[in-house]
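This briefing covers the fold, the surface and the nonpolar cores of one protein model. The structure comes first, and the notes follow by topic.

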Amino acid sequence: MTEQSELPAVPELPDLPERRQPILVAVNDSAAGFAAVEVAIEYAVRLGAHLAAVTVVESAIPALASVGEDAATLAARRMREADSILSHVVARGARSGVTVTTHRRTGSVAAEILAEATASGAGLLVIALVDKPSHAIPYIGSQTSRVLEFTTMPVLVVPVFRPGE
């Protein structure tokens, strides 16, 4: 008689977002970011889910100021740009009959995306591949890598769609 060992338990797979759980899309002003918006809207339509959109204004402001632009002026400009991005997502959602709530955060991009995912109770996070790949992993930027490393929810990473590809 042979002894049978007990197999380890298989971890449960995460559930798909339920209708009451919003889908969160992380968006920036790039073709990749807006491709993620399109996919997130399509999922929201199919699932009858609410869509939340987050954009993050990095708190460490790089040297992007125009000649003669002080830090306060630059910060105000970047906030207006973030609001413009979110307005575009709301308008795009409305054209598809999807209600969108927006969240503008300031800080570290990956950390703020994850914080918003938790705060919004999202069942799915949609995020884009980058236009400029990182050195470590082709087509996965450092912020997307951090999100993937530390998330506890399903994440859909969307490539950029270019005509003819």
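Among contacts in this predicted model between residues at least 6 apart in sequence, 72% join residues at least 24 apart. The protein is built from four helices and five strands, which follow the pattern β-α-β-α-β-α-β-α-β when read along the sequence.

**Burial and surface**

- The protein has 165 residues, and buried residues make up 36% of them.
- Its accessible surface comes to about 10,300 Å².
- Carbon and sulfur atoms account for 56% of that surface.

**Largest nonpolar core**

- The largest nonpolar core has 23 residues, and those touching the most other members are Ile23, Val25, Leu51 and Val126.
- At least two residues of this core come from each of β1 (23–26), α1 (31–47), β2 (51–58), α2 (71–95) and β4 (124–128).
- The element that gives the most to this core is α1, with eight residues.

**Contacts of Leu51**

- With neighbours within four places in sequence left aside, Leu51 is in contact with Ile23 and Val25, and also with Ala40, Ile41 and Ala44.

**Second core**

- A separate, second core consists of 15 residues.
- Among the members of this second core are Ala26, Ala52, Val56 and Ile113.

Key:
Residues are numbered from 1 along each chain as its sequence is written. This is a predicted model: local features need pLDDT of at least 70, side-chain atom pairs count only at pLDDT 80 or more; totals for chains, interfaces and linings use all residues. Side-chain values use heavy atoms; hydrogens and water are left out. Buried means under 20% relative accessible area, exposed over 50%, partly exposed in between (1.4 Å probe, protein chains only). Contact means heavy atoms within 4.5 Å. Accessible areas come from the Shrake-Rupley method with a 1.4 Å probe; for residues, only the protein chains shown count as cover. A nonpolar core is a set of buried Ala, Val, Leu, Ile, Met, Phe, Trp, Tyr and Cys residues joined through side-chain atoms within 4.5 Å.
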